[in-house]
Amino acid sequence: MKRLAYPFRESEVRALNAGDAVLVSGMVFTGRDRFHKHFADGGRLPVDFRDGALFHCGPVVVREGGGWRVVAAGPTTSVRENPYEPAFIRASGVRLVIGKGGMDSATLEACGECGCAYLQAVGGAAALTAACVRRVRGVHFLEEWGAAEACWEFEMEDFPCVVGLDAHGASLFAAVAEASARALARLR
Amino acid sequence: MQIEDKIADLIRKTTSSLPPDAMRALKDAARREAKGSSARMVLDTLVRNAALAARNGTPMCQDTGTLTFFVDERLRHAVTPSVVGRAVAKATERGWLRRNTIDPVSGRSIDTNVCAGAPVVHYAAAKGARPSVTLLMKGGGSENMSRQYSLPDASLGAGRDLEGVRRCLLDAVHKAQGYGCAPGILGVCIGGDRACGYEEAKMQLLRRLDDRNRCAELARLEERVFKEANALGIGPMGLGGRTTLLGVKIGSRPRVPASFFVTVAYLCWAARRRTVRIDMEDCR
């Protein structure tokens with residue numbers, strides 16, 4: 001199991017291979033549908049993503065004391081961000097994109113070009129993922145977008161993921177999609 | 001306990017505890033996958049996650065989804081939409097539900113999860129001696145993978161018969177890949193109009209995974225599609241493996257001669273369905 005800690009270095013991200021199991025620690029920023037549209041419309045980025053991680057996630061949070069506690073968190077389906085992600089990767093300097101279900105060949109290309117990797121978290125494993133969030137450092141666009149779409153700053157520890165798309169053109173998902181298409185053709 | 005608190009308690013249990021048959025299906029599936037494989041890792045994680053959520057009474061999945069309540073009509077005057085709404089608002093405040101309701105026109109979050117149209121409350125025909133309320137929670141990732149076919153469909157070679165239905169179902173599983181949080185469960189309706197097709201398909205998701213369809217033909221189709229879909233190799237979360245589906249549940253509704261719809265409601269592994277009995281005395 002490889003350990004990755006923020007700030008994520010280009011060399012260690014480029015050394016990852018699709019299928020590797022990793023544990024992610026340090027700052028992770030959430031951003032999903034509204035966030036990507038905001039970016040594509042030319043909106044400002046609320047945090048510096050350079051050498052950082054973007055997590056496709058809409059958490060369940062409750063206010064506690066002066067801050068926030070994460071009750072449940074987990075990845076949302078990443079394919080919806082396919083139209084935006086290559087440009088985001090190129091512009092932001094992000095090193096890790098974390099979600100579920102994989103992303104398309106244009107994103108895979110941007111990963112190779114910029115030294116970024118896509119990590120698959122276990123979909124819906126929200127109680128376990130919430131336990132990996134040590135602290136909520138801040139939140140952006142909460143009023144405008146609501147808690148599920150806001151951009152949260154999580155400090156995480158040992159968040160388990162699998163490398164889905166690596167920086168040298170390999171995608172776990174493309175391989176499964178092709179093999180299952182062949183299996184389907186045999187069943188017809 | 002007041003009715004409102006009973007409904008809030010139903011929400012908490014539904015969001016945090018998998019039904020025993022669904023938990024058993026995940027554990028059985030994990031045992032069938034090779035040790036050290038991604039599929040085994042994912043399924044083991046899902047089992048551990050479900051156990052932790054049940055212990056903590058917190059959501060097993062952060063997408064607490066669309067809430068659909070099926071209320072026995074004898075409870076119509078006690079379990080009103082406003083009582084259900086208050087229970088939903090309370091459950092949201094306590095972190096049992098995500099702030100998950102968006103006005104599609106303004107784009108604003110409706111932070112209570114309560115407005116006209118949410119939650120969904122259906123009043124259903126009386127069943128059994130003690131009336132009950134059933135809740136289904138279905139996340140958006142899986143809902144996005146639901147689809148409707150109109151037969152004949154030349155691209156699938158699907159005609160207006162059960163063989164055509166089989167082809168639609170395998171196509172739906174293949175198109176869903178891991179996007180809907182496989183291993184999934186198919187709720188299916190053959191026939192109906194477009195609207196009631198989705199309604200019946202969703203109702204099929206209330207069946208226990210280990211039940212048997214009372215219609216012999218549909219029972220055979222369920223078994224065949226289950227076996228064939230799991231041979232596609234899509235696997236948990238689309239990472240490959242033997243477990244792509246945990247169940248296939250097929251119902252039907254009458255159709256008109258011109259239409260032959262096949263509607264698939266795709267549910268993720270988090271089969272959040274639960275029923276609570278409510279005695280009439282509690283309603284006074």
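Student: What area is buried between chain B and chain A, and what percentage of it do carbon and sulfur atoms give?
Tutor: This is a predicted model, and the values are computed from it. In contact across the interface are 44 residues of chain B and 41 residues of chain A. Carbon and sulfur atoms give 64% of the area buried between the two chains, which is about 3,400 Å².

Student: Which element of chain B gives the largest share of the side that touches chain A?
Tutor: Two elements of chain B give two or more residues to that side, namely helix H3 (38–56) and helix H6 (162–176). The residues of that side divide into 19 nonpolar, 15 polar and 10 charged. The largest share, 8 residues, comes from H3(B).

Student: Is B:Asn49 buried or exposed, and which residues of chain A does B:Asn49 contact?
Tutor: B:Asn49 belongs to helix H3 of chain B. Its relative accessible area is 0%, and because buried means under 20%, B:Asn49 is buried. Leaving aside neighbours within four places in sequence, its contacts in chain B are B:Met60 and B:Trp269. In chain A, they are A:Gly124, A:Ala125, A:Ala126, A:Ala127 and A:Leu128.

Student: Why is strand S1 of chain B described as largely enclosed, and which strand runs parallel to it?
Tutor: Strand S1(B), residues 66–72, is largely enclosed by the rest of the structure because 6 of its 7 residues are buried. Antiparallel to S1(B) runs strand S3 (residues 132–138), joined to S1(B) by 6 bridges, with B:Met137 as the bridge partner of B:Leu67.

Student: In which sense does strand S5 of chain B pair with S6(B), and over how many bridges?
Tutor: Strand S6(B), residues 245–253, has 7 of its 9 residues buried, so it is largely enclosed by the rest of the structure. One bridge pair is B:Ile190 with B:Ser252 in S6(B). Strand S5(B), residues 184–191, pairs with S6(B) in the parallel sense, over 8 bridges.

Student: What distance separates the C-alpha atoms of A:Phe154 and A:Val133?
Tutor: A:Phe154 lies in strand S9 (residues 151–165) of chain A and is buried, with a relative accessible area of 0%. Not counting residues up to four places away in sequence, A:Phe154 touches residues including A:Met27, A:Pro59, A:Val70 and A:Val133. Although A:Val133 is 21 residues apart from A:Phe154 along the chain, the C-alpha separation is 6.3 Å.

Student: Where does A:Pro7 lie, and what is omega for the peptide bond from A:Tyr6 to A:Pro7?
Tutor: Most peptide bonds are trans. A:Pro7 is found in the loop between strand S1 (2–5) and helix H1 (10–14) of chain A. The bond from A:Tyr6 to A:Pro7 is cis, with omega near -5°.

Student: Is B:Asn113 buried or exposed, and what is its phi?
Tutor: Most residues other than glycine have a negative phi. B:Asn113 is placed in the loop between helix H4 (81–93) and S2 of chain B, and at 7% relative accessibility it counts as buried. Although B:Asn113 is not a glycine, its phi is positive, at about 70°.

Note on methods
Residues numbered from 1 in each chain as written. Chains lettered and ligands numbered in written order. Predicted model: local features only at pLDDT ≥ 70, side-chain atom pairs only at ≥ 80, totals over all residues. Heavy atoms only, no water. Contact = heavy atoms within 4.5 Å. Buried area = accessible area lost by both parts, 1.4 Å probe. Helix = DSSP H or I, 4+ residues; strand = E, 2+ residues; numbered from the N terminus. Nonpolar A, V, L, I, M, F, W, Y, C, P; charged D, E, K, R; others polar. Buried < 20%, exposed > 50% of the residue type's maximum accessible area, 1.4 Å probe, protein only. Pairing = 2+ DSSP bridges.
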